[in-house]
Amino acid sequence: MAKFLSRDINLMEFQISHSNKQKLKPFYDDPDSMLPDVEAYASWLHPSALNSFDCIMKEAKGKKVVVFLDYDGTLSPIVEDPDKAFMSTEMRAALREVAKQFPTSIISGRSRDKVKEFVQLNNVCYAGSHGLDIMQPPKSRDKKGNEGAFQPAKLFLPAIQEISMELEHKIRETQGSKIEDNMFCISVHYRKVPPQDQGNLKEKVKSVVENRPEFRLTEGKMVIEVRPSIEWNKGDALNYLLHTLGFSNADDVLSLYIGDDQTDEDAFKVIAGKREGFPIVVSSIPKETKAWYSLRDPSEVLAFLLRLAKWNKSQASFLQLDYI
């Protein structure tokens with residue numbers, strides 16, 4: 001492992017470097033526990049993607065639209081039990097329609113198989129573990145339909161499994177805690193852990209990783225995650241998917257990325273830097289973000305996807321009438 005960590009590797013034209021520094025971000029209170037401040041939200045400098053839909057799609061005319069989405073908190077609500085984060089029938093139908101018309105990918109912190117189990121659509125590309133496990137897009141698979149996968153952290157798997165077992169032993173007596181194996185990412189959920197025990201739980205998780213410089217801790221909404229210290233994130237996954245789809249050097253592509261998690265900020269940064277798309281954050285409260293537009297919750301995401309599918313059909317009809 002040390003030999004692997006000491007060098008840079010190049011996979012599929014994507015440079016991946018490894019850091020020996022443990023990146024431990026501070027833990028914050030659950031943002032969902034905060035009541036929305038209507039006045040503050042109204043003055044937030046991130047206009048509604050729904051109210052600005054026509055303005056956004058004006059930039060999409062004549063371009064190839066590519067859609068990227070997070071899962072939890074975007075396509076499904078945040079729930080106490082992560083195993084019950086089901087998306088609605090309406091959301092699935094809207095996503096299916098969007099994926100019929102545009103290349104569509106879901107980049108989630110969950111395992112790729114788990115997200116696919118929730119979504120139940122075959123015309124969507126799935127990337128799990130924050131982009132460390134990427135299924136080949138449907139149009140890029142071989143003639144037999146084999147999915148294949150791009151896994152830049154594959155050599156970390158034995159160590160991840162070892163850490164998972166150690167965490168199971170460490171926190172098994174902590175009431176309400178739950179470990180989720182996301183293949184290249186271990187998520188420790190503490191939404192159901194009594195407030196007085198949460199600090200102790202975090203220290204236990206930290207103790208498992210502190211002597212493993214090849215891993216780092218990150219935090220999310222009532223979850224602590226153990227991830228490889230590899231310089232690869234959702235922004236890199238987005239670039240990889242664009243490359244695989246043949247859009248990496250195209251100047252007629254417009255990317256839409258919708259997500260609610262801190263890890264989505266890396267993808268927002270990529271799109272904002274290229275200025276070839278629109279990063280859209282899902283949040284019911286004002287917060288610091290690199291996104292340019294916002295949606296309040298999954299219900300607004302649903303409304304946006306429905307309008308997106310309807311817009312594309314109207315464009316097709318308009319072109320057909322123009323041709324006639």
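The model is a predicted one, in which local features need pLDDT of at least 70, side-chain atom pairs count only at pLDDT 80 or more, and totals for chains, interfaces and linings use all residues. Residues are numbered from 1 along each chain as its sequence is written, and side-chain values use heavy atoms, with hydrogens and water left out.

## The chain as a whole

The protein chain comes to 10 helices and 14 strands. Helices (H or I, at least four residues) and strands (E, at least two) are DSSP runs, numbered from the N terminus. Of its 324 residues, 52% count as buried; buried means under 20% relative accessible area, exposed over 50%, and partly exposed in between, with a 1.4 Å probe and protein chains only. Among the contacts in the chain with a separation of 6 or more, 62% come from residues 24 or more positions apart, where contact means heavy atoms within 4.5 Å.

## The sheet and its helices

Two strands pair if DSSP finds at least two bridges between them; β8 and β9 (residues 186-189) pair in the antiparallel sense over 4 bridges. Within this pairing, Ile179 stands opposite Val188 in β9.

Where does Gln151 lie? Gln151 is in the loop between β7 (149-150) and α6. Its side chain is joined to that of Asp133 by a polar contact of 2.9 Å. A polar contact is a pair of N or O atoms within 3.5 Å; within protein, one must be able to donate a hydrogen and the other to accept it, and residues adjacent in sequence count only if both atoms are side-chain atoms. Leaving aside residues up to four places away in sequence, Gln151 touches Arg112, Leu132, Asp133, Met183 and Phe184.

## Aromatic pairs

A search of the whole structure finds 10 aromatic pairs. Rings of Phe, Tyr and Trp (its six-membered ring) pair if their centres lie within 6.5 Å; planes under 30 degrees apart count as stacked, over 60 as edge-to-face and the rest as tilted. Two of the pairs are listed here.

| Ring pair | Distance between centres | Angle between planes | Class |
|---|---|---|---|
| Phe68 and Tyr257 | 6.3 Å | 20° | stacked |
| Phe150 and Tyr240 | 4.2 Å | 10° | stacked |

Phe68 lies in β3 (residues 64-69) and Tyr257 in β12 (residues 253-259), so this pair ties together parts that are 189 residues apart in sequence. Both Phe68 and Tyr257 are buried. Phe150 lies in β7 and Tyr240 in α8 (residues 234-244), so their pair ties together parts that are 90 residues apart in sequence. Phe150 and Tyr240 are likewise buried. Ring pairs also link Phe68, Tyr257 and Phe268 into a cluster.

## Cysteines

The structure holds 0 disulfides, a disulfide being a pair of cysteine sulfur atoms within 2.5 Å. Cys55 counts as partly exposed at 48% relative accessibility, whereas Cys185 counts as buried at 1%.
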